[in-house]
Amino acid sequence: MGKVISVCISKGGAGKTTTAVNLAASLAVSEKKTLLIDVDPFGSSAVALGFTPDKIKAGISEIFNFTKSIAYTIHKTDIDYLDFIPANINSIQLDEKFSKVTENRVILKNALKEARMKYDFVIIDCPPVLRGITANALTASDSILIPVKCGHLSLYAVDRLFQYLEWIREISNPYLEIEGIILTMYESNSKVTEISERELKVKYGEYMMNTIIPVSNLLNEATFFGKPLCLYRINSIGAIAYMNLACEIMEKMKKNV
Ligand SMILES: Nc1ncnc2c1ncn2[C@@H]1O[C@H](COP(=O)(O)OP(=O)(O)O)[C@@H](O)[C@H]1O
Ligand SMILES: [Mg+2]
């Protein structure tokens, strides 16, 4: 049975989508059958994978409204081992309806029961909010990967998330583990990075991933052209960093078997 990992923190621009897409792509090129699910109504993962609206036939909207089976919402991607479920919440009316149905925290977990048998990994790209849809993602997950961009309020965002995780463990998923905290858009020789990293290590040292994702404009550029970085510039530092992250996660899983 595949491992379900949510990429989550309640801060926009932290590198969630970039991490979810590039981690999923790196796992897939390592021949791990991977399903990426976008549950952020903003729908950025689709853009990062080059899915224009005309290529999207169904998505989380149908899963949460019980109108189509999950199999129908799965899209093939340019990478053989990578499948994708987009977030097709394209209107304010739909968004409103969606936030109501997601109050039921177990919809995604139930929908994934069969699908996760077919994959080695399911990666979920979360929105920057700690409610409804995120509660669904975390209830359906084995672990959470926390991307942190060093800077103003980064420690505060992690503190808040840890409180939320306690609540999720109490109400709907006692088995939820921390995959790790991954530093993104890392700038060496920056005072802000140095101070934020030090603060995080003091409080959350045991959860820090060994891999660090450096700041790299190519990640931005690849997203713009609708490709994971490993399909755009495989030998770039960003692509190698995400491959290292995938290896670290695969190694950890091997140890726990
Ligand atoms: N390592 C990186 N180096 C440079 N830019 C990055 C990096 N990671 C993400 N970005 C850019 O930062 C912005 C926010 O990233 P994104 O992954 O969309 O964050 P979130 O999903 O948390 O809102 C995007 O424009 C993205 O292309
Ligand atoms: Mg995002």
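Tutor: A polar contact is a pair of N or O atoms within 3.5 Å. The model is predicted, and local features need pLDDT of at least 70, while side-chain atom pairs count only at pLDDT 80 or more. Residues are numbered from 1 along each chain, and ligands are numbered from 1 in the order in which they are written.

Student: What makes the approach of ligand 1 to Pro214 a polar contact?

Tutor: A nitrogen atom of ligand 1 lies 2.9 Å from a polar backbone atom of Pro214; the limit is 3.5 Å, so the pair qualifies. An oxygen atom of ligand 1 is 2.6 Å from an N or O atom in the side chain of Thr18.

Student: Why is helix 8 called roughly parallel to helix 9?

Tutor: Helix 8 (residues 154–171) and helix 9 (residues 191–204) pack at about 25 degrees. Angles under 35 degrees count as roughly parallel, so helix 8 is roughly parallel to helix 9.

Student: Which residues of helix 8 make the contact with helix 9?

Tutor: With contact meaning heavy atoms within 4.5 Å, they are Ser154, Leu155, Val158, Asp159 and Phe162.

Definitions and conventions: Heavy atoms only, no water. Axes fitted to C-alpha atoms, helices over the stretch in contact; angles between N-to-C directions. Helix = DSSP H or I, 4+ residues; strand = E, 2+ residues; numbered from the N terminus. Parallel < 35°, antiparallel > 145°, perpendicular 65-115°, else oblique. Polar contact = N/O pair within 3.5 Å; in protein donor to acceptor, adjacent residues only side chain to side chain.
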